[in-house]
Amino acid sequence: MPVGIEAWVTQIPPITRGWLALSVITSVAVQSQLVTPLQLYFSFKSAIGNCQPWRVLTTFLYFGPLSLDFVFHLFFFMRYSRMLEESSFPNRKADYFWLLTLSAALLLIISPLFNLPFLSSPLAFVPIYFWSRRHPSTQISLFGLVTVTAPYLPVALIAFSWIINGTWRAAAGDLIGCAVGHLGWFIRDVWIREVPGGTLSWASHAPEPVRRLFGEA
C-alpha cells in the first residue's frame with residue numbers, strides 16, 4: 001500500500017494531480033537551468049509565427065521560480081481545484097477538463113490585451129473562483145489570521161498576492177482569472193439553468209471525443 005507522500009499524491013483527483021505534477025516538473029526544470037522562462041512563455045508570434053506550439057501548454061505550467069509566491073499559488077490552486085473536482089465533478093473528469101480547456105482558450109485569446117506571457121496563475125484562479133461561488137456559505141480561515149465566507153475567498157487571495165509581491169501588477173493576472181472563472185460559472189450555473197438546451201449548452205458538457213479520451217463515452 002502507498003504510504004506518506006505517495007498516498008497523498010494518489011488521493012488527489014486525476015486532473016488536478018496531472019496539472020500539479022507538470023507544474024512542479026516545469027518549475028524544477030527552470031530552477032535546474034534545463035530550460036529558461038523565455039522558452040516557455042506564450043505569445044502568438046512565438047507560438048504560431050515561429051512554430052513553437054508547446055508554448056500553448058507551458059504558459060499554463062510555469063508558476064515562476066521556486067519562491068513564496070510559487071508556493072502560495074500552487075498550494076491554493078491544488079487545494080481548491082481538488083475540492084472542486086471532488087465535489088462538483090466526481091466521475092466527470094472529461095467535464096472538468098473541458099471547463100479548464102475552455103478557460104485556457106479564452107485566456108490565450110485575451111492575453112495580448114493584458115501583456116500576460118504566463119497564464120498559470122490566471123487559470124489557477126478559475127477553479128478557485130468556481131468553487132467559491134458553488135459553496136457560498138462556507139467559512140474559510142486563511143493562515144489562521146482572517147476568516148472569510150467562500151465568495152470573498154478570491155478577493156482575499158488576490159490581496160495576499162499583492163502583499164507578497166509588493167505590487168498590484170503581480171495580482172493583475174489573478175483578477176483576470178477570476179473574470180474568466182465568473183464567466184464559466186455564469187454559463188454553467190446561471191445561463192444553462194435559465195435557458196436549458198440553449199446555444200451555450202456545448203460549454204457545459206465535454207464533447208464526445210473528450211469523453212472518449214477519459215473513458216466516459
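**Rings that pair up**

Counting pairs of aromatic rings by the distance between their centres gives ten aromatic pairs. Keep in mind as you look that this is a predicted model.

Start with Trp-19 and Phe-77. Their rings make a tilted pair, with 4.2 Å from centre to centre and 55° between the planes. This pair links distant parts of the chain, as Trp-19 belongs to helix H2 (residues 14-31) and Phe-77 to helix H5 (residues 68-88), 58 residues apart. Are these two residues buried or exposed? Trp-19 has 8% relative accessibility, so it counts as buried. Phe-77 is buried too, because its relative accessible area is 0%. The cut-off behind both answers is that buried means under 20% relative accessible area.

Now stay with Phe-77 and find another ring beside it, that of Phe-63. Phe-63 and Phe-77 form a stacked pair, 6.1 Å centre to centre with 20° between the planes. Phe-63 lies in the loop between helix H4 (55-58) and H5, while Phe-77 lies in helix H5, so this pair ties together parts that are 14 residues apart in sequence. Phe-63 also counts as buried, because its relative accessibility is 5%.

Which residues form one aromatic cluster? They are Phe-72, Phe-75, Phe-76, Tyr-80 and Trp-131.

Finally, look for charges over rings. Arg-55 lies over the face of Tyr-41, 4.7 Å from the ring centre. Over the ring of Trp-185 you will find the charged end of Arg-133, at 3.9 Å from the ring's centre.

Methods. Residues are numbered from 1 along each chain as its sequence is written. This is a predicted model: local features need pLDDT of at least 70, side-chain atom pairs count only at pLDDT 80 or more; totals for chains, interfaces and linings use all residues. Side-chain values use heavy atoms; hydrogens and water are left out. Rings of Phe, Tyr and Trp (its six-membered ring) pair if their centres lie within 6.5 Å; planes under 30 degrees apart count as stacked, over 60 as edge-to-face and the rest as tilted. Helices (H or I, at least four residues) and strands (E, at least two) are DSSP runs, numbered from the N terminus. Buried means under 20% relative accessible area, exposed over 50%, partly exposed in between (1.4 Å probe, protein chains only). A charge sits over a ring if NZ of Lys or CZ of Arg is within 6 Å of the ring centre and within 35 degrees of the ring normal.
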